[in-house]
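Biologist: I have a new structure open and I'd like to learn how to read it. Could you take me through it feature by feature?

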Amino acid sequence: SRALDGALVSNRLNVSSDCKVSTKPPVRSKPVWKPALRLSTEHSLMHPIPDGASRYRAGREFPDLPPCLGSAAGLVSPCPQGLPGQRMKLRIFGVVILLLAEVAFAGTPAIIPLPQQMQVRPGVFTLYPAQPISGTPAQALTRILVDNASLETGQYLAGLLVKSTGFQFQVRTNGGGSPVEGSILLTRGNGLTSLGAEGYELTVAPDSVVVRAPAVAGVFYGVQSLLQLLPPQVFALRPAQGVAWTAPCVYIQDQPRFPWRGCMLDVVRHFFNKDEIKRLLDAMALQKLNTFHWHLVDDQGWRIEILKYPLLTSVGAWRNGIDYGHNPRTSTAWNASGKYGGYYTQADVREVVAYAQARHITIVPEIEMPGHSTAGVAAYPQYSCNPTYAYDLDNINYTYAVYSPGTTGTFQFLEDIL
């Protein structure tokens, strides 16, 4: 989130601009700011940064930087009009800036979002694995110590580490708040109350790690920063071989600038099953996002089971084609009748909600009404403004796909759903 105030433009974003060259003299006028940052789809946030990727500062740190290369607002504007050849000069200038910034940021851990405070210290912390004994599970010498409130977060961390390292990390309760040699301590003891409910401190020393926060959510976010300090193979689903499991020594003090840090997923136009939703929630947790906007209902489909109204899913959850120009082979969301779609049972929803809660993510479901309701009125046309219309999820008619407030039973129908 710090990238938005111009402090840093991450290498995980592509920057584009509308720079044009003209023979007319430059005109000093108020710039028209245009958003020009877009997320890269080439590299997942769960994978290492590609070689040669760089980070650079823009705006305040380089006051002479042309607006088309960045601004203090995290946005860019069209370059001032200039003489022929100016574009090449701007490119050369930009390359020089990037090269200088590469040197300036060499050795700086890449934590997303960029922490409010981070001090890099000498040394590294190593997850010291014991030599496995034949026929027994491999036990790590490093222990995870927790207070009672942080037990779930400690188990979460141990669960991730056993998948990627192949070693089991013992989770033990510890009421003390001081570092313990050979241990990762997760504690709310002596947490800075000024950090709020989601802030934390992370101290990585050569012989110990301490995540300290005034509340459980802060402890969890401190663990996410620790995971980002470890090699990217820490997110592997099976043990990775030949990895030096080290983290650079740092002190981090951080808290979010925004209380609502969200991601919206539209599962109506393209269906994602519950396991895919969980993968998204994992990625959100890593980036310390805390709100999942789950877009469950729109014209193109109904995705949540309502036991009292089964036609909502038997009719409203399916359409004839994948649509939007996509290759049908790119999805497995087809039923036995060859229709595209799907829905979540109430058990699925409860499972996803519990999974999100364990990652301190609040789910905000969206059910469209009174308009954008083709899926609903296709199943129950008696509650629409035109009950005789032949509703078709493949041919949306925005005039008719509206619930009728003047029809007896419409409000009861909607209240039952909610």
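Biologist: Let's start with strand pairing. How many bridges join strand β6 to strand β8?

Modeller: The general idea is that strands of a sheet pair through backbone hydrogen bonds, and they do so either parallel or antiparallel. In this predicted model, β6 (residues 183-187) and β8 (residues 208-212) run parallel and are joined by five bridges.

Biologist: Now zoom out. What order do the strands of the open sheet have?

Modeller: The seven strands go β3-β9-β7-β8-β6-β4-β5, and the pairing is mixed. At the edges sit β3 (117-126) and β5 (171-173), each pairing on one side only. From one strand to the next, the twist averages 20 degrees.

Biologist: Which helix packs on the sheet and touches β4, β5 and β6?

Modeller: That is α2, residues 151-165, and its direction makes about 165 degrees with that of β4 (143-146). Helix α3 (residues 216-229) lies across β6, β7 (200-205), β8 and β9 (246-254), and runs at about 35 degrees to β7.

Biologist: Let me stay with α2. How far does α2 reach from its first C-alpha to its last?

Modeller: It reaches 21 Å with its 15 residues, close to the 21 Å expected at 1.5 Å a residue. After the helix comes Gly166, which has a positive phi near 85 degrees.

Biologist: Which residues of α2 are buried?

Modeller: Thr153, Gly154, Tyr156, Leu157, Ala158, Leu160, Leu161, Ser164 and Thr165. Their cover includes β4, β5, β6 and α3.

Biologist: Back to β6. Which residues point one way from β6, and which the other way?

Modeller: Ser183, Leu185 and Thr187 point one way, while Ile184 and Leu186 point the other, and all are buried. In other words, β6 is mostly covered, with five of its five residues buried.

Biologist: What about the nonpolar cores? Which residues touch the most other members of the largest nonpolar core?

Modeller: In soluble globular proteins, nonpolar side chains tend to be buried together. Here the largest core has 39 residues, and Leu202 and Val204 touch the most other members. At least two residues of this core come from each of β4, α2, β6, β7, β8, α3 and β9. The largest share is that of α3, with eight residues.

Biologist: I spotted Gln228 in helix α3. Why does Gln228 count as buried?

Modeller: The idea is to compare the relative accessible area with a cut-off, and buried means under 20%. Gln228 has 18%, so it is buried. Its side chain also reaches the backbone nitrogen of Ile112 at 2.9 Å. Beyond its neighbours within four places in sequence, Gln228 is in contact with Ala110, Ile111, Ile112, Leu286 and Lys288.

Biologist: Let me try the reasoning on another helix, α6. Is Val349 buried or exposed?

Modeller: Val349, which lies in α6 (residues 346-358), counts as buried because its relative accessibility is 17%. Leaving aside neighbours within four places in sequence, Val349 is in contact with Trp294, Ile304 and Tyr344. Val349 and Glu305 are 44 residues apart along the chain, yet their C-alpha atoms are separated by 9.0 Å.

Biologist: And for the whole protein, how many helices and strands are there?

Modeller: There are eight helices and 15 strands. Of the 418 residues, 43% count as buried. Among contacts between residues at least 6 apart in sequence, 71% join residues at least 24 apart.

Terms used
Residues numbered from 1 in each chain as written. Predicted model: local features only at pLDDT ≥ 70, side-chain atom pairs only at ≥ 80, totals over all residues. Heavy atoms only, no water. Pairing = 2+ DSSP bridges. Helix = DSSP H or I, 4+ residues; strand = E, 2+ residues; numbered from the N terminus. Axes fitted to C-alpha atoms, helices over the stretch in contact; angles between N-to-C directions. Contact = heavy atoms within 4.5 Å. Buried < 20%, exposed > 50% of the residue type's maximum accessible area, 1.4 Å probe, protein only. Polar contact = N/O pair within 3.5 Å; in protein donor to acceptor, adjacent residues only side chain to side chain. Expected span 1.5 Å × (residues − 1). Core = buried A, V, L, I, M, F, W, Y, C linked by side-chain atoms within 4.5 Å.
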